Amino acid sequence: MENEIIKNLNHVLKRIETACVHSNRPLSDVKLLLATKTVPAERIKIALSTGQTLIAENKVQELKEKYEALKTTPHINHFIGHLQTNKIKDILKYDVSCIQSLDRIELATKLHQRLQLENKTLEVLIQVNTSNEESKFGVHPEKALELVKQVAQLDTLKIKGLMTIGLFSAETEKVRACFRLLKNTQQQINALHLSNVEMKELSMGMSNDLETAIEEGSTIIRIGTAIFGQRIYPDSYYWDETKK
Ligand SMILES: *Cc1c(COP(=O)(O)O)cnc(C)c1O
């Protein structure tokens, strides 16, 4: 099992390297994030033992369950799931440095209020729904700028870029269109030089589409399956509120 994770991880690193060469981008441009939903802490530790540092959960409950076990292994926690406002107090207990899934002003406002109370700041990415699938979270691309402007007013939240989940499709060009849309949105926002807004990070690309994402400018690749193996739950369990 241990060897399997390390073998898979090395394979993913090779894929990232090849894609960077192919796209003429320096390897240092692209960070690997391990998407650890449903993966037990012991298995996550194996991946961290190879020098990987960036991990992310989709549910506050799982973050909480694995927190103690992972505490002594140095790592950085991001959050990539749909965050309900009633979980805000909870999530701030577990050293999450960036919420990549900020997709509505209501959530931003409540986060800001809590962060003010705790005298903390938090990095965020704005999640954009580039595939136009109703089952996926994220602000509509045309509403992204408006949301960024609103969030920028909240000084405890530091916008670092955008995140998206590409279309699930074997048709590469349709997937690519999602990533291009995110990149275009980033460039449009960047051109405005808004204060308290950085647009450096583009979190896009998963196990099946990391090459396309790197070609289109991704800076954070989020990988679960290709490293830890197939999950038992379908992703709709994490992405579709109606399935809960
Ligand atoms: C599960 C998940 C991933 C990783 O997906 P894989 O296809 O398993 O690599 C990436 N991003 C988000 C938001 C996820 O929920």
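Predicted model: local features only at pLDDT ≥ 70, side-chain atom pairs only at ≥ 80, totals over all residues.
## Overall build

Residues are numbered from 1 along each chain as its sequence is written, and side-chain values use heavy atoms, leaving out hydrogens and water.

The protein chain has 10 helices and eight strands (DSSP runs numbered from the N terminus: H or I of at least four residues for helices, E of at least two for strands). The C-alpha trace spans about 45 × 40 × 35 Å along its principal axes.

## Lysine 37

UniProt, in an unreviewed entry, lists Lys37 for "modified residue: N6-(pyridoxal phosphate)lysine"; such annotations may be inferred rather than shown by experiment. Lysine 37 sits in the loop between strand S1 (31-35) and helix H2 (41-48). Lysine 37 counts as buried because its relative accessibility is 5%.

## Asparagine 8

Asparagine 8 belongs to helix H1 (residues 2-23). Its relative accessible area is 17%, so asparagine 8 is buried. Leaving aside residues up to four places away in sequence, asparagine 8 touches Ala226 and Ile227 (contact means heavy atoms within 4.5 Å).

## Cysteines

Cysteine 20 is buried at 2% relative accessibility. Cysteine 178 is also buried, with a relative accessible area of 4%. A search of the whole structure finds zero disulfides (pairs of cysteine sulfur atoms within 2.5 Å).

Notes:
Buried < 20%, exposed > 50% of the residue type's maximum accessible area, 1.4 Å probe, protein only.
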